[in-house]
Amino acid sequence: MPKHYERVMEIYGEISDLYAALALMGWDQETYMPTKGAASRGRQLATLSGMAHERITSDEMRGALDGARSESLTADEEVNVREISRFSDRAVKIPVGLVKDLAETSSAAISVWIKARQEDDFPAFAPRVDKLVALQREVAEAVGYEDEPYDALLDEYEPYASTKETAAVFDSIRGPLVDLVQRIADSGVKPRTDFLARNYPVDDQRRMGVKAAERMGFDFEAGRLDISPHPFCTHMGVNDVRMTTRYSETLPMQSFYGVIHEAGHGLYEQGHDPEHEGTPRGASVSLGIHESQSRMWENMVGRSRAFWRYFYPEFSAIFPENSADVSEEEVYAAVNEVKPSLIRVEADEITYNLHILLRFEIERGLFTDEYAAGDLSAVWNEKMKAFLGIEPPDDRDGVLQDIHWSHGSFGYFPTYTLGNLYAAQFYRAAEREIHGLTERIARGELLPLRDWLRDRIHRPGMTYRAGELVRHVTGEALSADYFLAYVRDKYSSLYSL
Ligand code: ZN
């Protein structure tokens, strides 16, 4: 192995171990840590991330990367050098003082946000947003960008994506989705959902979720399912993937689709090449690609007609009384109910994207100076009216609903909709290449899809950038056409359009 490259990977191995420790402490914080542990955990997380930052920006790492770039490397080694250089460059360019300023400002902003939300007082929170935007603008200037500062922020979550291209794709779905939601509302069709409000014991809900995740091929000897208030999936390695869900006795489908979603993320992590564990070559491409995996399983598979052909008997066996007067078709219709709602995290697979477009347009506008934070309540409500035809009665269920901005996270939201678009395009390719995919899902054979995803998307790790991966797997660049065709087709028959 070339000697500079070898040194890069030695140092990166330590960084990767520090990240695994951070992930484990973060997982524990959300699941089992006693509440009084918060202060010391905060300090421990800060110490470890400080160490990781120091290692990736160290003269030794910078020198080794410089040396490695002129060595003759294999394709896999080049991927590692390219991506480690990218992490290191970004970390070096952002001044330590600015990182500290951001951490302090956002940690103060979170408590202000919590209180403002409780008291429905957006004006109390708005100055914090302005301050965080100003700091993130400094980050963008430090890191550099192609066309507009938002590029640099998006790049943290969706590397190599451009704001302009993302906006163009989003613009192409806005009108068709608004129109589709309107036609669904006008259809007069209302799926029966009364049976989902019955009492579903938590233990049985857990059994149902685990059943589906096992069928998908999630390896419970290399992963766990626990409970946390905000479901997530994290990993310490290909053989240690932790997912969480939350349970409510009268919301069985919330935990069920939560588990399928997180298991979709989990399969991506379990599917990396073990030989490249802890390196970019064995890591996920971007948040958007990650989300394509979770949303494909959750929506395109788990909410499909074929899936309920297989799963309805399982559902009936676990909940014989609740399902006694309910048909397979009725469950399928209920889990696909489309209804404009105020809250993003409760939205269906169509309106969800309109919640994201709204946030993307607002975030972009904050960085082009189209908006100041003080305008956001009005802008939010205006866009809700235009996109979904409803207006929040207060800011609590409007502009104050998400925690992201109080963290200073701008550029994260678009990855959710990118994930939906990638998912539809990938799934179309899977349908072409897996013989009888729909029929197999209807028989409960989910492994052919898992194996196809593993082969095409999980194993290559960061070999391809997101845009390249889409082209490599589907033969063409990202296009919203597949998602639009998917929702039009599915919902036309559900709502007799
Ligand atoms: Zn997700």
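Arg-128 touches Ala-108, Ala-109 and Val-112, if you skip residues up to four places away in sequence. This is a predicted model, so read every value here as computed from predicted coordinates. Arg-128 itself lies in helix H6, which covers residues 122-143. At 32% relative accessibility, Arg-128 counts as partly exposed. Look too at Ile-110: 18 residues separate Ile-110 from Arg-128 in sequence, and the C-alpha to C-alpha distance is 9.3 Å.

Now for the rings. How many aromatic pairs does the structure hold? There are 31 of them. One is formed by Tyr-12 and Phe-87, and this pair is stacked. Tyr-12 lies in helix H1 (residues 3-31) and Phe-87 in helix H4 (residues 75-93), so this pair ties together parts that are 75 residues apart in sequence. The two partners fall into separate burial classes: Tyr-12 is buried, with a relative accessible area of 10%, whereas Phe-87 is partly exposed at 29%.

Another pair, Phe-367 with Phe-410, is edge-to-face. Phe-367 lies in helix H15 (residues 351-367), while Phe-410 is in the loop between helix H16 (376-388) and helix H17 (414-433), so here the parts tied together are 43 residues apart in sequence. Phe-367 and Phe-410 are both buried.

Here are the two pairs side by side.

| Pair | Geometry | Centre to centre | Angle between planes |
|---|---|---|---|
| Tyr-12 and Phe-87 | stacked | 6.4 Å | 20° |
| Phe-367 and Phe-410 | edge-to-face | 5.5 Å | 70° |

Phe-367 and Phe-410 also belong to a cluster linked by ring pairs. Its other members include Tyr-150, Tyr-157, Phe-170, Tyr-352 and Phe-360. Trp-380, Trp-405, Tyr-412, Phe-413 and Tyr-416 are in the cluster as well.

What sits over the ring of Phe-413? That would be the charged end of Arg-359, 5.5 Å from the ring centre.

Is His-404 buried or exposed? With 12% relative accessibility, His-404 counts as buried.

Terms used:
Residues are numbered from 1 along each chain as its sequence is written. This is a predicted model: local features need pLDDT of at least 70, side-chain atom pairs count only at pLDDT 80 or more; totals for chains, interfaces and linings use all residues. Side-chain values use heavy atoms; hydrogens and water are left out. Rings of Phe, Tyr and Trp (its six-membered ring) pair if their centres lie within 6.5 Å; planes under 30 degrees apart count as stacked, over 60 as edge-to-face and the rest as tilted. Helices (H or I, at least four residues) and strands (E, at least two) are DSSP runs, numbered from the N terminus. Buried means under 20% relative accessible area, exposed over 50%, partly exposed in between (1.4 Å probe, protein chains only). A charge sits over a ring if NZ of Lys or CZ of Arg is within 6 Å of the ring centre and within 35 degrees of the ring normal. Contact means heavy atoms within 4.5 Å.
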